[in-house]
Amino acid sequence: MEFRFDNTQDYVHVVGEFTFTDHAAFKLMIDRLFEANSSSVTMDIGQLQFIDSAGLGMLLLARDAAAKAGRKLVLRAPTGQVKRMFGLTKFDTLFTVED
Amino acid sequence: MFGLGRRKIAEEPVVEPVVVASTAANEVEPQHIALLQRWMALADMQQRVISTLMSEITHTSAFIETEADALSSRFQRLALSAEQQTDRVQSLTKLAVGIEVDGETVPIDRIAGLLEGTLSDVVQKILLLSKDSMSMVYALNELNVNVGRVDQCMAQLNSINKTTNMLALNARIEAERAGAAGAAFRVVAQEVRELSKATASLSGSMQSELDSVADGIASGHATLQRVATIDMSENILAKDRLEVLLAALVRRSESLNETVSDAVREAGSISTDVESMVTGIQFQDRTKQRLEHVVDTLKVIDQALEETKASTAADVPELAGDIKPDTEWVKRLLDRFTLSDMRARFVAQLLDGQPSDVVPYEQTNSIVPSSSGSAELF
């Protein structure tokens, strides 16, 4: 997994595949995301091709962290396998998912 | 024609005048005798034909009765069979509706619902497991950092202890040089050295405890890595596939239901049809009666012919004696027959004067063109 922040620092693009081995990088990304002053932060996953169950678990942890930090976490543009996984796990009831 | 040949009535006109007065009351002219003989022969042949017809009709009537009875019982067996089929088909509806488990019929769509619920539950538990595993991974990472810091503290402690020991040693050397004046100092220095030793020993214990903790964390980390890297995404996707299968199962169950309903309706209509067929077959009763009337009528005609023959022969003595059969028109009649066994019977009875059962009544039709037949008959 790779990530690229926009200039605004509250919008990050996540690219590649999101699996267990990305746990350290993910924590760094989330910490930086919540440092931004915005009340709403967005993860653009349009170019994320694959997510495994560890990845799903990490997203859920991020959701808890967002709540604790008083931020709204938005997931944008899931596609392919990622979109299918979101459907099966009813992620739209847990997150704000945008197209 | 039949042997009288002297006079052909149609061709030659009457030459002699008819003298009625000079003949007896019961005397008949020769040409009239010939005519009467023809009529007698015709009557005789007609009687033979009537007799043959009567036996033919009686046999046919009996045949119809037997066949109708046989058909009737076949149809009744058919009706019974149709009923049994209906029962079987109806038991199929139960299979179509659901699956029997522990004496209870569980409908297919409820099964689908149950499975969907169970799978959703499993997926939710997988998610929770994944989240908690990752949470532990992060927690253990933090612990590792803490352990690292404590390790640094220990190192500093050991370093300080070493320095303390060195100082105590130096203090003892100075105390020796000072002689008696340094006696108190020597004691203090010794105490410090003892303290230092004790500290070193304690530090050693702490270090080994810390090492155990670090080992425990490392082991936990390895286990957690195994747990967290089990990719459950395939299992989650399996739910998707199962849902597709279940939907197909429900559709199949519905279409089975439809087919079974059609079958039950069809079976019902078969039963109705068979019942009307059996009723229809009862026609043979009326047919029998009608044929009996026909036979009776023929009998009457036969009797009339017999009486007329008898009274004619009584009035005209020339007519007594054997009547030669008129076979010409009979042959024309027989030519019209298509059933070979029937023609054979008629030939035997009409031409050869044989009894009615000489040629057996065939059960099946054998239609033969009228020009065939054994050479000896014609």
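Reply: A salt bridge here is a side-chain nitrogen of Lys or Arg within 4 Å of a carboxyl oxygen of Asp or Glu. The model is predicted, so local features need pLDDT of at least 70 and side-chain atom pairs count only at pLDDT 80 or more, while totals for chains, interfaces and linings use all residues. Residues are numbered from 1 along each chain as its sequence is written, chains are lettered from A and ligands numbered from 1 in the order in which they are written, and side-chain values use heavy atoms, with hydrogens and water left out.

Across the interface of chain B and chain A there is one salt bridge, in which B:Lys131 pairs with A:Asp64, their closest N and O atoms lying 2.8 Å apart. B:Lys131 is also, with B:Leu127 and B:Tyr138, among the three residues of chain B that lose the most area to chain A, together 30% of what that side buries. The two chains bury about 2,000 Å² between them, of which 69% is on carbon and sulfur atoms; buried area is the accessible area (1.4 Å probe) that two parts lose on being put together, summed over both.

Over all chains, the search of the whole structure gives 16 salt bridges. One of them joins B:Asp44 to B:Lys309, with 2.9 Å between the closest N and O atoms. Because B:Asp44 belongs to helix α1 (residues 30-97) of chain B and B:Lys309 to helix α5 (residues 283-315) of chain B, this pair ties together parts that are 265 residues apart in sequence; helices (H or I, at least four residues) are DSSP runs, numbered from the N terminus. B:Asp44 counts as buried at 14% relative accessibility, as does B:Lys309 at 12%, where buried means under 20% relative accessible area, exposed over 50%, and partly exposed in between (1.4 Å probe, protein chains only). Both residues belong to a network of salt bridges that also links B:Arg48 and B:Glu306.

A further salt bridge brings B:Arg345 to B:Glu56, at 2.6 Å between the closest N and O atoms. Since B:Arg345 lies in helix α7 (residues 340-351) of chain B and B:Glu56 in helix α1 of chain B, the parts tied together are 289 residues apart in sequence. B:Arg345 is buried at 2% relative accessible area, and B:Glu56 is buried at 6%.

The side chains of B:Glu65 and B:Lys288 also form a salt bridge, at 3.2 Å from N to O. B:Glu65 is partly exposed at 27% relative accessible area, and B:Lys288 counts as partly exposed at 27%.

Conventions
Helix = DSSP H or I, 4+ residues; strand = E, 2+ residues; numbered from the N terminus.
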